[in-house]
Amino acid sequence: MFASKRLSKELSKLHDKLPPGITLIKADDFTEWLMDIRVIDSNPLYQDEVYRLKFVFSQTYPIEAPEVVFVKDEDHPIPWHPHVYSNGIICLDLLDRQGWSPVHNVESVCVSLQSMLTSNTKQERPPGDEHFVKHNKQRPKDINFVFHDNQV
Amino acid sequence: MDSDDDFNSSQMSDDEFMGGQDSDDSLGDDSDYQDDVGFESQDKDIKPTKHAYEVDFKVFNPADIQSHQDKQVSEVSNILGQAPEATAILLRHLRWNKERLIDQYMEKTDEVLESAGLGETAQTHPPRIEKVPGFACDICCEDGPDLDTFAMKCGHRFCVDCYQQYLQTKIKDEGEAARIRCPGDACNRIVDSKSLDLLVSGRLKDRYQELLTRTYVDDKENLRWCPAPNCVYAIECSVKDKELKRIVPTVHCECGHYFCFGCSLNDHQPAPCSLVKKWLKKCADDSETANWISANTKECPKCASTIEKNGGCNHMTCRKCRNEFCWMCMGVWSEHGTSWYNCNRFEEKSGFEARDAQAKSRQSLERYLHYYNRYANHEQSAKLDKDIYLKTEKKMTQLQNTTGMSWIEVQFMDSASQALQQCRQTLKWTYAFAYYLARNNLTEIFEDNQKDLEMAVENLSEMFEKPIDQLKGLKVEMMDKTAYCNKRRIILLDDTAENLKSGNWEFNVQIV
Ligand SMILES: [Zn+2]
Ligand SMILES: [Zn+2]
Ligand SMILES: [Zn+2]
Ligand SMILES: [Zn+2]
Ligand SMILES: [Zn+2]
Ligand SMILES: [Zn+2]
């Protein structure tokens with residue numbers, strides 16, 4: 001109830017107008033949405049690529065943060081970033097229990113991720129990526145990330 | 001590999017262990033068991049004084065914890081000249097650091113009151129729910145002149161429904177209380193209890209109070225909750241984090257659970273916390289390499305028929321060819337009781353064999369597997385021993401009926417079972433300890449102690465598996481063995497703890 005009321009309001013706003021580089025792909029229900037983001041500046045790391053984000057909402061969204069991951073398919077790679085694991089899991093304090101505020105929404109998360117990519121110059125994965133991707137079985141929100149820096 | 005071993009809950013009558021504890025907290029009188037159990041009571045070598053591996057601690061029940069808080073509150077309340085209720089808020093705000101609160105209060109009273117949500121404005125303008133024209137809630141996106149809204153001093157205003165939903169999630173789902181922040185983006189304002197009173201009621205408020213009480217223990221460095229499921233006790237121990245490389249502070253809760261005060265994991269003596277952490281991480285990382293080892297079936301080294309291990313004992317006899325061998329090293333068992341025994345020690349191959357990188361990495365894997373194998377095996381055996389005990393316990397009733405033994409008289413099985421559990425727990429961790437141990441002149445004594453305890457445990461484990469009709473005849477022998485196992489365990493723990501305290505061990509990793 002709580003989540004769907006808020007999400008239907010967000011949805012009508014998203015249909016109305018979206019910031020450049022952000023596209024709504026799928027929002028058939030109030031549990032899972034797909035959004036595409038592009039980096040607009042000419043950052044060579046992200047040239048000509050479109051990234052797909054999957055949002056999963058709980059009943060208590062936006063009190064609880066949504067689960068947000070990059071998804072990989074034929075047309076959508078996982079963007080390079082020292083806070084994005086190669087399986088699409090994102091380590092960003094905004095999406096963490098401590099850093100999340102219910103004031104945020106799908107659009108603001110997309111914008112944050114977009115600007116996180118825009119300002120990045122490193123073609124890197126987080127330290128321990130290979131091991132993490134191989135062994136992690138936790139859901140993103142249950143992982144206790146240590147935020148190495150907050151300049152993202 | 002699952003290294004979260006069972007909670008060794010037990011009603012120990014082991015006075016050796018209790019000896020170190022403050023006597024007013026001991027679990028009552030052991031005298032009922034003296035005739036049958038009485039570990040070491042006749043043994044002159046071991047006095048019931050504190051051992052090197054024991055630390056002082058106290059167990060507190062919920063009422064104790066509450067009265068501690070009340071006492072501190074009333075004490076500080078007198079010093080500050082504030083009402084007890086406000087004092088409690090101030091103390092929680094400064095994480096129960098009494099001295100810091102008094103200092104800060106004396107120095108900048110208004111600032112301290114303000115930051116705890118008790119400031120001047122809180123007195124003159126107490127938090128209240130109000131309707132604000134032109135308001136739109138940033139959480140639910142509702143607007144309208146009839147919407148009840150709330151904001152703390154930071155001005156982040158939301159509708160009451162959202163605020164309540166937010167607080168409910170924090171309290172009920174996330175277990176937060178003393179430090180719930182304002183829902184506003186990047187706002188660090190803590191929701192004070194006056195605001196909370198206004199917004200939540202009923203069971204949620206009770207839960208909040210309960211959690212507030214819990215934060216007292218969480219905030220105190222010398223207090224820790226017992227981690228056993230549903231246990232309500234807290235333990236006080238003065239061992240500090242920085243002492244953990246010299247002490248392994250195992251404490252014993254009133255509920256029967258033994259755990260480490262330093263890291264809350266199950267008792268892991270003799271290995272220090274930081275080695276335990278490293279070891280568990282290594283085991284988790286290498287779980288695939290090591291997986292095949294913990295299998296419950298192996299082939300007889302002589303005739304290759306499949307042998308299943310269904311008890312804790314490592315002395316195996318092949319049903320087919322009667323070959324007796326050791327489950328751990330697959331070596332001939334007859335060599336295990338003699339000076340030949342070297343099942344526990346890893347023999348480093350002489351240096352020239354491991355010249356290239358590949359050989360070196362192979363050798364380091366072999367070394368790891370040697371220790372992991374034994375570590376995992378004791379863990380597994382402890383489980384199997386316990387299974388056997390549970391089966392035996394059922395049969396004990398029969399034993400009482402058929403042999404006319406009294407309930408007290410059959411308690412020797414219970415004592416033996418507990419000794420097996422505790423000794424295997426210790427043995428298990430001796431292997432993690434040994435893995436990180438660099439050889440020096442003390443290592444051999446350690447390995448001898450490990451070997452002696454291991455042999456004693458295997459002997460007891462073997463008797464333990466005997467059919468029920470033979471158990472009565474083994475009673476005296478088993479009681480002796482049980483006492484001997486406990487004694488060997490104490491010797492090992494004393495030696496390792498003493499050397500740890502004096503910094504005599506050398507490790508091949510940094511311990512912090
Ligand atoms: Zn609202
Ligand atoms: Zn605020
Ligand atoms: Zn307990
Ligand atoms: Zn520990
Ligand atoms: Zn055989
Ligand atoms: Zn062996």
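Trainee: Why are both E174(B) and K170(B) called buried?

Mentor: This is a predicted model, where local features need pLDDT of at least 70 and side-chain atom pairs count only at pLDDT 80 or more, while totals for chains, interfaces and linings use all residues. Buried means under 20% relative accessible area, exposed over 50%, partly exposed in between (1.4 Å probe, protein chains only). K170(B) has 10% relative accessibility, so K170(B) counts as buried. E174(B) is buried too.

Trainee: What makes E174(B) and K170(B) a salt bridge?

Mentor: A salt bridge needs a side-chain nitrogen of Lys or Arg within 4 Å of a carboxyl oxygen of Asp or Glu. Here the closest N and O atoms are 3.0 Å apart, so the pair qualifies. K170(B) also meets E176(B), at 4.0 Å, N to O.

Trainee: Why is E176(B) called buried?

Mentor: Its relative accessible area is 18%, so E176(B) is buried.

Trainee: What makes R207(B) partly exposed?

Mentor: R207(B) has 31% relative accessibility, so the residue counts as partly exposed. E210(B), at 45%, is partly exposed as well. These two side chains form a salt bridge, 2.8 Å from N to O.

Trainee: How do you know that K9(A) forms a salt bridge with E142(B)?

Mentor: The closest N and O atoms are 3.6 Å apart, so the pair meets the cut-off. K5(A), K9(A) and E142(B) are linked in a network of salt bridges. Residues are numbered from 1 along each chain as its sequence is written, chains are lettered from A and ligands numbered from 1 in the order in which they are written, and side-chain values use heavy atoms, with hydrogens and water left out.
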